[in-house]
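Please look at the structure below together with its sequence, and then read the report that follows.

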Amino acid sequence: MRWRQGRRSANVEDRRGRVARRATVGGGAVMLALLAALLLGQDPGKVLETIGVSTQQVPQQTAPQTQQQDELTEFVKVVLADTEDVWHRIFTASGARYQEPTLVLYSDMTETACGYGQAAAGPFYCPADQQVYLDLSFLRELKRMGASGDFAFAYVIAHEIGHHIQTLQGIAHQVRRAQSQMRRTDANALQVRMELQADCYAGIWAHHAHRQRQILERGDVDEGLQAAAAVGDDQIQRSAGRRVHPESFTHGSSEQRVSWFRRGLETGSVQTCDTFQ
Ligand SMILES: [Zn+2]
């Protein structure tokens, strides 16, 4: 991916190395809160929007920042700036105003308006404070799942920004409200549509960022598609040695994720991303 020439966003807040107040709840609390909210319809505005992958262990990040981390931070700033440029243009074209989200870099654990965010939950978006939370160690997890490369990482960031778009559009709120009155399997099915739309929106980012400044290099599209496939619920269940249960999906199968990401990438049009039809 061609990124070094890109603009750096000013909306990255660096909390790495800062210690969050100790949570009174144990590991996995965030994911449990997420599940509880989904199943019981609790506190709809405070549900974390993840990419669908959780890391296997909470990394210890007390070491000083490495040069590689500095470079990754630059990369994140460029991808975020590209999403700002793309979504500003799209919102303006439809007579709306795009509100830029903040992206928080953290290590291990941090406070959010949605409760404590833990690196173990993977990257996530909190609708209540409209911020994306990212622990750079997630990149390792992505590689472990067979999705390596800078464009794969960019896809993950663009997916979380996709959840921000859904929040601005009011879609996220409508979905949470509907889910609070549904049985679990139906709520899961609706969640899958949300996630697939965020994948499609990530594709829209790639489409327009490439048109504006030719970010895509040979192999990048495959990298993005591979990343979308790697974080499919069926793939995750399989690689965890479990049987595939589509009714428990909350992010969609690999095939669905690839197909919606590709659709956004090819058309660049918000209208084609209506996964709720
Ligand atoms: Zn998501």
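The axes of helix α2 (residues 67–93) and helix α6 (residues 184–213) come within 9 Å of each other and cross at roughly 95°, where axes are lines fitted to C-alpha atoms, for helices over the stretch in contact, with angles from 0 to 180 degrees between N-to-C directions. The helices α2 and α6 are therefore roughly perpendicular to each other, a word used for angles of 65 to 115 degrees. Helices (H or I, at least four residues) and strands (E, at least two) are DSSP runs, numbered from the N terminus. Among the residues that make the contact are W87 of α2 and W205 of α6, contact meaning heavy atoms within 4.5 Å.

This is a predicted model, in which local features need pLDDT of at least 70 and side-chain atom pairs count only at pLDDT 80 or more, while totals for chains, interfaces and linings use all residues. Residues are numbered from 1 along each chain as its sequence is written, and side-chain values use heavy atoms, with hydrogens and water left out.

The pLDDT, the predictor's confidence in each residue from 0 to 100, averages 86 over the protein chain, and 85% of the residues score at least 70.

The structure holds 2 disulfides, each a pair of cysteine sulfur atoms within 2.5 Å. One of them joins C114 to C126, with S to S 2.0 Å; the torsion about this S-S bond is about 90°, so the disulfide is right-handed. C114 lies in the loop between β4 (109–112) and β5 (115–118), whereas C126 belongs to strand β6 (residues 124–126).

Conventions
Parallel < 35°, antiparallel > 145°, perpendicular 65-115°, else oblique.
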